[in-house]
Structure formats: structure tokens, C-alpha cells
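Open the model in your viewer and keep the selection tool ready. We will go stop by stop.

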Amino acid sequence: MSNAVANGLAGAGGGIIAQIITYPLQTVNTREQTERVAKQSLATSKRLGTLLQILHVIRTDGWGGLYSGLKPSLLGTAASQGIYYYFYQVFKNKAEAIAAARKVKGRGDGTIGMFSWLSVAALAGSLNVLLTIPIWVLVTRMQTHTQAERKIMEERKDALLREASENGLTGSELQHKLAELDSIKPRPYGTLQAVHEVYTEAGITGFWKGIVPTLIMVCNPAIQFMIYEGSLKRLREKRATSKQGRKNITALEVFFLGALAKLGATVTTYPLLVVKSRLQAKQEIGGNVSLRYSGTFDAILKMIQYEGLPSFYKGMSTKIVQSVFAASVLFMVKEEFVKVYMVLEDKCNKVLFSSAK
């Protein structure tokens, strides 16, 4: 097995574990990002903290609400991390070979520079996005489905109240119609329902909604890996020259390096993540034109016009906690998986070598 395949499998395993642990935070964060509040309502709107948001989801949707879309999310995580780490290692090996060849020719010191790290991560990220974005469109739909349904119901009630005001409906008639709306139960909503809804709404291209901000966001893992690899390289060099103490990098140190790397990348690219979530969420949730986006630039302009700049940072504190913790777990588990693979490979080589004798 090549080191690219080993890193791909290790990344997929680490990603699945990190996703399961942090998924409730991801669900809450997606709902925060896609909640639309007009500028004039911001002052009076009551914003809940992350813990209160989690409790609100449990109260309104049950425990299952925190894990809406988990199955396709795990598939997406395994596919994304596997594809990303595989191609990342392939491109990294190529970059290292080019750097070594340049050193032989007397150019450079044989190490990969910052631009090369960014290019490697960006290429791997772009391939990952193009291949897996349909899965994440479905996950976003499933995470925000009940939120969208409540918005639709609110729009219906507002329309009914306007009709009552214009046509002079009596109190009993109005209460009866409102009671009918309240009695409507949410429809079952799983992966197949999400697929059907996306296809009905926008056709096959609907599964690639948000592709523009998502492709731009490949700079997120590029920044993340640039910080991570750079920090890891400096730490290893420091350990190699140290005359005292341990030489190896511990799992806890990898955990903190991963946290630092993800924190820097998340803060830099968060507004794009909000735009992506808005585009991938259900669009037809009311008659208000401000709730529907035809594309990336339309979403950006309407968010600025109707909600202001703060809308681009909705749920950022939740995302920082979720993504930093998830990335830390992912890096730690991945490195441990790779270590296990290296040990097993070494043992297998020794067995094959001894049997050859």
C-alpha cells in the first residue's frame, strides 16, 4: 500500500470519528448561518448561545434533530477526507521530488516552500470539492429542513392574518384556520426526500449549488495545512537539535497544532462558508425575495442589503469550537493511524525479508 493510500484511509477514519463527536455543533452552526434576520429586527432579536441553541433543537426536534443528515454526512466525511488526503499526499510527494531535484541542481535547500504547500493543498481541495459537494448539499438540506418548514409555516400564518384583516374574517373563523395550520405535522424527511427536493427545485445543477464559494474556500484547508505543516516542521527541527528530552512528536502536540491551524483558517474564510450554506439550504421558504438567492453574488448583495455585514459572521463562535475541535481530533487520529500503518508495514517487510532468506 502506498503512503498516499495509507494517508487517505487514515484521513477518512479520523474524519469520521471527528464528525460523529462534533456533529451536533455542526447542525446548530448550519442553522445559525441560514437563519435570516432583517437589519431592523437585529436590535430586537434574541440571539441564543451555542448551548441554548442545542437545547432549543432538542426541545423542538428531539435528540434526532441534532443528528439530522448524519448518515450522508459520514459518507461525505469519509469520501472528502479520503479523497483529500490521498491527492494531498500524491501532490506532496511530487512537490518533494521537484524540491529534491532542484537541490541536486544547486537551486534551493530541498524543502517545500510556502507557495508549494498552498498549491498542494489547493489542488487536493479543488478535486475534493468537485467530487463531493452533492453530498454536502444534501446534508445542509437535512440539517435545516425543520427550520425551513417553520419559516414556511410562519409565512402562511402571516398571509392568513393579512387576509383576515383585509376580508374581515371573524375571530372564530380565524382561530379555526390557524388551528388547522398548527395541526399540520412535519413530513418525513430523509436522504431520498432531500435528493427529490433538490432535483425538483433546481435540476441536476442543484447538487452543485454553492460551488463558487466552496471552490474559493479551498484556501481554508490550504491555509490550515500551511500553518500545520509549517508548525510541525519547526517543532521537528527543534526536537532534532535538542540535546535533552524526547525526540518524537506526541499525539497531544499534534492535537494543539491542528487546533491552531484550523482556528487561523476558519477565521479567515468564515464569510464564504455562510454564503455557501445559504445557497445550499432550501430557497423556497416564503414570498419574500430577500429569502431567495439565484447565485453567489446575488446572495452576497442581498445579505448586505437586507441583513448587513454581521450576517456574514453568524454562528462563528460555534463554528470555531466545532471546527477547531474536529480538526484537532482528525489530525491526532490520522497521525496515530499512519503510525500504526508504518509499524505494520515495517513488521511485514521484516517477515518477508526473513522468509526470503
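This is a predicted model: local features need pLDDT of at least 70, side-chain atom pairs count only at pLDDT 80 or more; totals for chains, interfaces and linings use all residues.

Residues are numbered from 1 along each chain as its sequence is written, and side-chain values use heavy atoms, leaving out hydrogens and water.

**Stop 1: the cavity.** Select Q81, W136, M217, K262 and K319. Of the 42 residues that line the largest cavity, these lie nearest its centre. A cavity is a set of points on a 1 Å grid over the protein atoms alone where a 1.4 Å probe fits but cannot get out; lining residues have an atom within 4 Å of a point. The volume is about 1,000 Å³, counted as the space filled by probe spheres set on the points, which are joined across faces, edges and corners. A search of the whole structure finds one cavity of 30 Å³ or more.

Now colour helix 5 (114–167). It gives nine residues, the largest share of the lining. Helices here are DSSP runs (H or I, at least four residues), numbered from the N terminus. The lining has 16 nonpolar, 23 polar and three charged residues. Nonpolar means Ala, Val, Leu, Ile, Met, Phe, Trp, Tyr, Cys and Pro; charged means Asp, Glu, Lys and Arg; the others, Gly among them, are polar.

**Stop 2: helix 4.** Select 70–104. With 35 residues at 1.5 Å a residue, helix 4 should span 51 Å, and its end C-alpha atoms are 50 Å apart, which agrees. The expected span is 1.5 Å times one less than the number of residues. After helix 4 comes G106, with a positive phi near 85°.

**Stop 3: a helix pair.** Show V274, V275, R278 and L279 of helix 10. They meet T296, A299, I300, M303 and E307 of helix 11, where contact means heavy atoms within 4.5 Å. This contact has six nonpolar, one polar and two charged residues.

**Stop 4: the pocket.** Select K92, E229, L232, R236 and E335. They lie nearest the centre of the second largest pocket, which 27 residues line. A pocket is an open set with protein on both sides within 12 Å along at least five of seven lines. This one holds about 600 Å³ of space.

Definitions and conventions. Helices (H or I, at least four residues) and strands (E, at least two) are DSSP runs, numbered from the N terminus.
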